[in-house]
Amino acid sequence: MNSDKEEGSVEVAPTSPPSEMETAPAGRSVDIEPPPDGGRGWVQVFVGHLALFNTFGWFNSYGIFQDYYTEELHLPLSAVSWTGSVQVFLLACIGMFSGRLFDAGYFRSLIAVGSALQLVAVFTASLATEYWQLFLAQGLCGGLGAGILYCPVIACVATYFSRKRALAIALVTSGGATGGTVFPIIAQQLSDKVGFPWTMRVMGFVFMFNAAVMLVFARTRLPPRPRGPLVEWAAFKELPYAFYTAGAFCLLWGINHYGRTVLGMEGETSLNTLFIANAVGVPGRIIPALVSDAYFGPFRTLVPLCVGASILYFGWVGVGSEGALYAFAVVSGLVNAGVQTIAMTGLPTLTKDLSKVGTRSGMIMTVGSFACLTGPPVAGALIDVAGGRYLYMQIWAGCIMFLSACFVTASWLARQKQEI
């Protein structure tokens with residue numbers, strides 16, 4: 001039996017008097033059947049996969065837009081990179097709000113609003129010719145739409161699974177790898193034929209189809225919790241939660257682009273490394289998830305992955321040729337995908353009352369969003385200090401990933417102590 005895995009029946013604690021969304025008598029617990037660990041839960045996994053296809057799949061493909069904006073629209077790389085950073089920041093930052101609304105019972109409304117904002121972002125970005133237009137469309141509107149979707153779909157899937165939770169979340173997050181492979185292929189095949197604006201509109205139609213499917217099949221399992229604080233401040237007094245939050249912050253304090261800047265690679269070769277890194281992300285997510293579910297649980301699976309990522313970033317120093325870059329893309333794609341997936345799997349295990357899973361997961365995402373926002377500027381500053389070389393940033397990234405492993409270990413040990 002894995003000591004850091006959630007076992008037993010699910011309890012939903014009383015939160016407020018009954019309302020039009022909650023029919024249970026006040027002051028009494030709501031008896032909920034244990035998660036089905038399959039069945040209709042796999043339908044929600046499919047919904048979540050499409051949501052991650054539209055969010056992280058789009059973000060993972062940002063390199064193709066960055067090249068177009070800098071080369072065709074003649075925008076500065078720093079400004080274009082800032083738009084991408086704002087997207088990721090908002091995706092995580094909105095989690096605190098969208099997670100609480102998920103707990104309150106607005107899952108399908110969140111999918112509708114988030115998808116609508118994403119569609120507006122894609123189609124308006126296809127018309128943009130100036131930086132401020134791109135920033136408003138792809139940065140703000142796209143980031144808000146993705147943030148409204150992301151936390152709720154992860155939280156929803158978590159409520160359907162217990163023993164197979166890691167695998168379920170891995171299949172959901174694999175949507176980022178699927179989208180990150182499909183969108184660059186669309187760009188590669190259509191850009192020269194129909195032009196980049198219409199290529200983006202084709203991507204928008206893919207968004208629209210996925211959103212329609214999500215709205216048809218999205219369903220929650222638990223009764224809503226309409227009343228409750230936006231932030232569960234007491235959670236930060238729990239050592240496992242506090243340590244895990246610190247570990248998640250370090251995880252997201254990541255590193256930046258490499259291949260084209262350092263090696264002077266051609267655009268097609270750079271795009272190929274993007275394909276590879278995204279494609280290997282699928283097995284990179286599923287294999288650690290299977291190990292987590294079968295043997296170790298999320299905490300003890302995440303720690304060696306973080307240590308492996310740390311070693312990998314130190315090893316990045318030796319990447320100096322095109323062949324080495326391809327090998328690095330494969331290994332980093334596998335390891336980073338595992339880190340991202342198992343980190344998300346660990347969030348629900350920190351919440352015994354699953355009626356609060358959206359709120360508490362969203363809180364960690366919001367804290368981590370500031371790592372997403374500050375990580376690229378820190379990396380850029382370290383590159384500048386090193387005179388354009390990546391050495392200082394590589395060492396910094398390796399140290400940060402090792403620190404993350406230490407925090408996750410502390411979270412696991414604190415959780416073990418609570419269970420004794």
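1. Is Phe205 buried, partly exposed or exposed? Its relative accessibility is 45%, so Phe205 counts as partly exposed, where buried means under 20% relative accessible area, exposed over 50% and partly exposed in between (1.4 Å probe, protein chains only). The residue lies in helix H9, helices being DSSP runs of H or I with at least four residues, numbered from the N terminus.

2. Please keep in mind that this is a predicted model, in which local features need pLDDT of at least 70 and side-chain atom pairs count only at pLDDT 80 or more, while totals for chains, interfaces and linings use all residues. Residues are numbered from 1 along each chain as its sequence is written, and side-chain values use heavy atoms, with hydrogens and water left out.

3. Leaving aside residues up to four places away in sequence, Val339 touches Leu251, Leu302, Leu305, Cys306, Ala309 and Met401, a contact being heavy atoms within 4.5 Å.

4. Cys141, placed in helix H7, is buried, with a relative accessible area of 13%. With residues up to four places away in sequence not counted, Cys141 touches Leu117, Val120, Ala121 and Leu136. Cys141 and Gln87 are 54 residues apart in sequence and 8.4 Å apart in space, C-alpha to C-alpha.

Definitions and conventions:
Helix = DSSP H or I, 4+ residues; strand = E, 2+ residues; numbered from the N terminus.
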